[in-house]
Amino acid sequence: MRRRPRALVIVAGLLLLALVPPAAAALDQPFYVDLFRRMMIFALAALSLDLILGYGGMVSFGHAAYLGVGAYAVGILGFYGIESGFIQWPVAILASALAALVIGAVSLRTSGVSFIMITLAFAQMLYYLGISLETFGGDNGMPLRTRSRFGPLDLRNPYAFYYLVLALLTLLLFLGSRFVNARFGMVIRAAKSNEPRARAIGFSPYRYKLTAFVMSGGMCGLAGALLANQTEYLTPDFMHWTRSGEIMFMVILGGIGTLFGPVVGAVVLLLLEDVLSALTAHWQIILGPFLVLVVLFAKRGLFGLVPEAGERRG
Amino acid sequence: MSLLLILEQGLNGLQFGVMLFLMAAGLTLVFGIMNLVNLAHGSLYMVGAYLAATVFAWTGSWALAVALALVGTLVAGVVVELIALRTLYERDHLDQVLATFGLILFFNELVAILWGRAALYTSVPAALAGYVELLPRLRYPTYRAAVILVGLAVALLLYVVVARTRLGMLIRAGASNRTMVAALGVNIRLLSTLVFGGGAALAGLAGLMAGPIYAVQPGMGEQILIQVFVVIVIGGIGSIRGALVGAILVGMVDTLGRAFLRPVLSTLIAPTAADAAGPALASILIYVLMAAVLFFRPQGLFPARG
C-alpha cells in the first residue's frame with residue numbers, strides 16, 4: 001500500500017475540526033466554536049483564492065471584494081425582508097460570480113504586475129462603493145436583522161451553524177480536488193506553467209482562466225454570505241484591501257497549490273492573531289515581519305512540509 | 001456652476017495629480033529597473049509626512065522639516081532596500097507583494113506606536129499661508145499653488161535626469177536589460193539602491209507636502225498607493241511619461257468628479273437620486289476610467305519599451 005501522508009493529515013484535520021464543538025462544550029469555552037467557525041469561513045475564502053492563485057497563477061490581490069459582495073447580498077436582501085437562506089445564499093454566490101466576471105474580463109486581458117494592481121484597484125472600488133451606500137450603513141455598516149433562515153435548520157444555534165460550515169468546507173475541498181485534476185483544471189495549470197505552449201496546442205487560456213476566476217469569485221461569495229451570518233454585521237471593512245492581503249497570506253502560510261494548505265493557513269493565522277492580540281495591541285508589528293520571513297524562507301508553507309504520496313522524506 | 005469654480009477645481013485636480021505623479025514616478029522606476037512591486041512605497045510617503053509634521057511642530061522651521069523629511073525618507077528607503085527588498089528582486093511578484101505587504105503592517109504599527117493612531121494636523125508654513133490672485137477674482141491658496149509648482153519642477157527635473165544625463169542613460173539601460181548592463185561593468189546593485197533611494201525621497205516629498213492638506217495618520221500611505229496603482233496602470237508600467245499623463249488624468253477626473261458629478265446629475269435625474277448616486281459614482285470614477293483604458297489598451301497609454 002502506498003503511503004499517503006497528505007490524505008491522512010486532511011482526514012485528521014477535518015476530524016479535529018469536527019471535534020471542536022464537543023471539546024469547547026466540555027471545557028465550557030463556547031468562544032472557541034465561534035473562533036473556529038470564523039477560521040473555516042476564511043479557509044473557504046482562502047481555498048477559493050488558492051484555486052486560481054496556486055493552480056492558475058492568477059495573483060488576485062482583491063479577493064476580499066467577493067467576500068464583501070457575498071456579505072452585502074445577504075445583508076441587503078435581509079434589509080428588504082427576504083430572510084430565507086435558500087434565496088440569500090444563491091444570490092450571494094451569483095452576485096459575487098457576476099462581479100468576478102466583470103472584474104476578470106477586464107483584468108485578465110493583462111497579466112503579471114498589472115493584474116495584481118488592477119484586481120487590487122477594483123476591490124478598492126467596491127470598498128468605496130460600500131462606504132457610499134448610505135442606505136446600508138455607509139462607513140459604519142449595519143447589523144443583520146437575523147441570520148439566514150433555512151427552514152428547520154436554525155443558524156442561531158452555534159453548533160448547527162458550525163457543522164453547516166464544516167460540511168460546506170469539506171464539500172468544497174472535495175469539489176476543488178476534483179476540479180484541479182479534471183481536464184479543465186489541467187488546462188488552467190498548463191496555462192500557468194506555459195501559456196504560449198497551452199495556446200499552441202489549441203487551447204484558448206483566456207476563457208478557461210476567466211471561468212476559473214468566476215468560479216473562485218462565486219465560492220468566495222459563499223464565504224462572504226457565511227461571514228455576514230457569522231458576524232451578524234455588515235461593513236465595508238470586509239472588502240478592505242488588507243483583508244485581501246490576509247487571505248493571500250493564509251494561502252502562502254498554509255501552502256500554495258495544495259487546497260488543504262489554505263485551511264491550515266487560515267487556522268494558524270487567525271489563531272496567531274488571536275494570541276498576539278491578547279499579548280499586545282500592537283500585534284501587527286510582530287505579524288508584519290513574520291509575514292516577510294515566511295515569504296523569504298518558508299515558501300512551501302506548512303502543509304507543503306507534509307510529503308506527497310510516494311514522495312520520500314528529507 | 002461658475003467658470004471660476006471650475007477653474008479652481010481644475011487647479012485642485014492638478015495639485016492632486018502632481019502628488020500622484022511624485023509617488024508614481026518612484027514606483028514605476030523601481031519597477032522598471034528592478035522588476036519589483038513595492039507596496040511599501042506608500043509607507044515611505046507616510047514616513048515623510050510624519051517626519052515633516054513632527055520636525056515642524058518641534059522647531060517651527062518649515063525648511064528644516066522639509067530637509068529632514070527628505071533625508072529621512074531617503075535613508076529609510078535605502079535601509080529597507082538593503083535589508084528586505086534586495087533579496088526580493090529575483091523572486092516572483094507574488095512574493096514581492098506579500099513581503100512588502102508585511103512591511104506595510106510593520107510600518108503602520110511602528111508609526112502608531114511612535115505617534116499614536118489619532119490623525120495629526122499640521123499647519124501651512126507662514127510664508128505660504130494665504131491666497132494668491134491668479135486671475136481677477138480667482139484667489140487660490142498659495143500653498144496648493146506651491147505644491148503644483150514643485151511637482152511640475154520635479155517632473156521637469158526627472159525628465160532631464162532620465163533623458164539627458166549619464167545616470168539617466170544607465171537607468172534606461174537597466175530597465176531594458178539589467179543583466180547586460182551589469183555585464184558591461186556597471187554596478188547595477190548600487191544603481192538599484194540609488195534609484196530606490198531617489199524614489200523614496202520623491203515619495204517623502206509627496207508625503208511632506210500632503211501633511212498640511214490631508215490628515216497625517218497610520219494607513220495614509222495605502223490610500224494614495226492604490227490610486228497610484230491606477231495611475232501606473234493607466235499610464236503604462238515603467239514609463240515616466242505615462243506616469244505623468246496618468247497622474248494628471250486621475251487627479252483631474254477624481255477631483256472634478258467629486259466636485260461636479262452631483263450637480264450635473266441633479267440636472268438629469270431627480271435631485272434625491274442624484275444625492276445618493278453622485279458621491280458613489282464619484283468615488284469609483286477613476287476605477288471606471290482605468291477599466292475603460294485597459295479595455296482599449298491593455299498595456300496602458302504609454303507602454304514602456306523593452
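Guide: Of the 314 residues in chain A, 51% are buried; this value, like the others here, is computed from a predicted model. The chain is built from 12 helices and 4 strands. Its radius of gyration is 19 Å, close to the 20 Å that the globule rule gives for 314 residues, so chain A is as compact as a globular protein of that length. Along the principal axes, the C-alpha trace of chain A spans about 55 × 45 × 40 Å. The contacts within chain A also deserve attention: among those between residues at least 6 apart in sequence, 77% join residues at least 24 apart.

We may now turn to the side that faces the partner chain. The contact takes 36 residues from chain A and 38 residues from chain B. On the side of chain A that touches chain B, at least two residues come from each of helix H5 (112-132), helix H10 (241-254) and helix H12 (284-297). The largest share, 14 residues, is supplied by H5(A). Sorted by class, this side of chain A has 25 nonpolar, 9 polar and 2 charged residues.

The largest nonpolar core contains 208 residues, and those that touch the most other members are A:Ala43, A:Leu44, A:Ala121, B:Met23, B:Ala24 and B:Val230. Helix H1 (residues 3-34) of chain B gives the largest share of this core, 16 residues. Beyond its neighbours within four places in sequence, B:Met23 is in contact with B:His41, B:Tyr45, B:Ala203, B:Ala206, B:Ile224 and B:Val228.

Conventions: Residues are numbered from 1 along each chain as its sequence is written. Chains are lettered from A and ligands numbered from 1 in the order in which they are written. This is a predicted model: local features need pLDDT of at least 70, side-chain atom pairs count only at pLDDT 80 or more; totals for chains, interfaces and linings use all residues. Two residues are in contact if their C-beta atoms, placed from the backbone, lie within 7 Å. Ala, Val, Leu, Ile, Met, Phe, Trp, Tyr, Cys and Pro count as nonpolar, Asp, Glu, Lys and Arg as charged, and the others, Gly among them, as polar. The radius of gyration is taken over C-alpha atoms; the globule rule is 2.2 Å times the number of residues to the power 0.38. A residue is buried if 20 or more other C-beta atoms lie within 10 Å of its own, exposed if 12 or fewer, and partly exposed in between; C-beta atoms are placed from the backbone. A nonpolar core is a set of buried Ala, Val, Leu, Ile, Met, Phe, Trp, Tyr and Cys residues joined through C-beta atoms within 7 Å.
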